[in-house]
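The sequence and the structure come before the discussion.

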Amino acid sequence: MANPDIFSPFEKLVEVEILGEKFSVPEQNDLLRCFQYLELEKISEADLCWNGDCRNCLVTVATERGSRRLIACRTKVEPGMKIIGLSNELKTALRQAFGS
C-alpha cells in the first residue's frame, strides 16, 4: 500500500472502474491521489502539476447523460465511478496497474 500520509483521511476503500477494470481506492480523495494509490512511483514521477494548470491529468467519466471530461487533481472520487478515458500521461503512468 502507498504511504498513507499523502492521502486525505479515509476510513475505507471504494470501488471504481478504470477503462473497464475494477479497482479499490481510498474514499474522500481526488482521483489523482487515487491513481497514486494504485501506482505510487509512476504517478509521482509523471509530468503532472497537481494544481489543474497543465491538464495532463484529464479523465473522461461516464455519467447518466453521457460522459464528462474532468481534471483528476480537482475531482473527488465517488463510489462506482466509471472512468472511460485517461490522458496519455495517465495511461503511461498507470500501465503497470493494468498489467501491461
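## The largest pocket

In this predicted model, the largest pocket holds about 190 Å³ of space. Its lining is made up of Val61, Ala62, Thr63, Arg68, Leu70, Thr75, Lys76, Glu78, Gly80, Met81 and Lys82, and by class these residues divide into four nonpolar, three polar and four charged.

Two strands, strand 3 (58–63) and strand 4 (66–71), each supply at least two residues of this lining, and the largest share, three residues, comes from strand 3.

The pairing of strand 1 with strand 2 is antiparallel over six bridges, and isoleucine 18 stands opposite glutamate 21 in strand 2.

## Positive phi in two loops

Most residues other than glycine have a negative phi. Against that background, glutamine 28, which is not a glycine, has a positive phi of about 60°; glutamine 28 is found in the loop between strand 2 and helix 1, where it is partly exposed, with a relative accessible area of 47%.

Tryptophan 50 is likewise not a glycine and has a positive phi of about 70°. This residue is placed in the loop between helix 2 (40–45) and strand 3, and its relative accessibility of 26% makes it count as partly exposed.

## Helix 1 and its surroundings

Helix 1 is largely enclosed by the rest of the structure, because six of its eight residues are buried. The buried residues of helix 1 are Leu31, Leu32, Cys34, Phe35, Gln36 and Tyr37, and they pack against strand 1, strand 2, helix 2, strand 3, strand 5 (82–86) and helix 3.

One of the residues of helix 3 (residues 88–94) is leucine 94, which counts as buried because its relative accessibility is 1%, under the 20% cut-off. When residues up to four places away in sequence are not counted, leucine 94 touches Phe35, Leu38, Glu39, Ile43 and Leu86; of these, Phe35 is itself among the buried residues of helix 1. The C-alpha atom of leucine 94 is separated by 7.1 Å from that of lysine 42, although the two residues are 52 residues apart along the chain.

## Aromatic pairs

How many aromatic pairs does a search of the whole structure find? The search finds three. One of them joins phenylalanine 7 and tyrosine 37 in an edge-to-face arrangement, with 5.7 Å centre to centre and 70° between the planes. Because phenylalanine 7 lies in the segment before strand 1 (13–18) and tyrosine 37 lies in helix 1 (residues 31–38), the pair ties together parts that are 30 residues apart in sequence. Phenylalanine 7 counts as buried at 7% relative accessibility, and tyrosine 37 counts as buried at 16%.

Another pair is formed by phenylalanine 23 and phenylalanine 98, whose ring centres are 5.4 Å apart and whose planes stand at 85°, so that this pair too is edge-to-face. It links distant parts of the chain, with phenylalanine 23 in strand 2 (residues 21–26) and phenylalanine 98 in the segment after helix 3, 75 residues apart. Phenylalanine 23 and phenylalanine 98 are both buried.

Beyond the individual pairs, Phe7, Phe10 and Tyr37 form one aromatic cluster.

Notes
Residues numbered from 1 in each chain as written. Predicted model: local features only at pLDDT ≥ 70, side-chain atom pairs only at ≥ 80, totals over all residues. Heavy atoms only, no water. Helix = DSSP H or I, 4+ residues; strand = E, 2+ residues; numbered from the N terminus. Buried < 20%, exposed > 50% of the residue type's maximum accessible area, 1.4 Å probe, protein only. Contact = heavy atoms within 4.5 Å. 1 Å grid on protein atoms, 1.4 Å probe; cavity = no way out; pocket = protein on both sides within 12 Å on 5 of 7 lines; lining within 4 Å. Points joined across faces, edges and corners; volume = space filled by probe spheres on them. Nonpolar A, V, L, I, M, F, W, Y, C, P; charged D, E, K, R; others polar. Phe/Tyr/Trp six-rings, centres within 6.5 Å; stacked < 30°, edge-to-face > 60°. Pairing = 2+ DSSP bridges.
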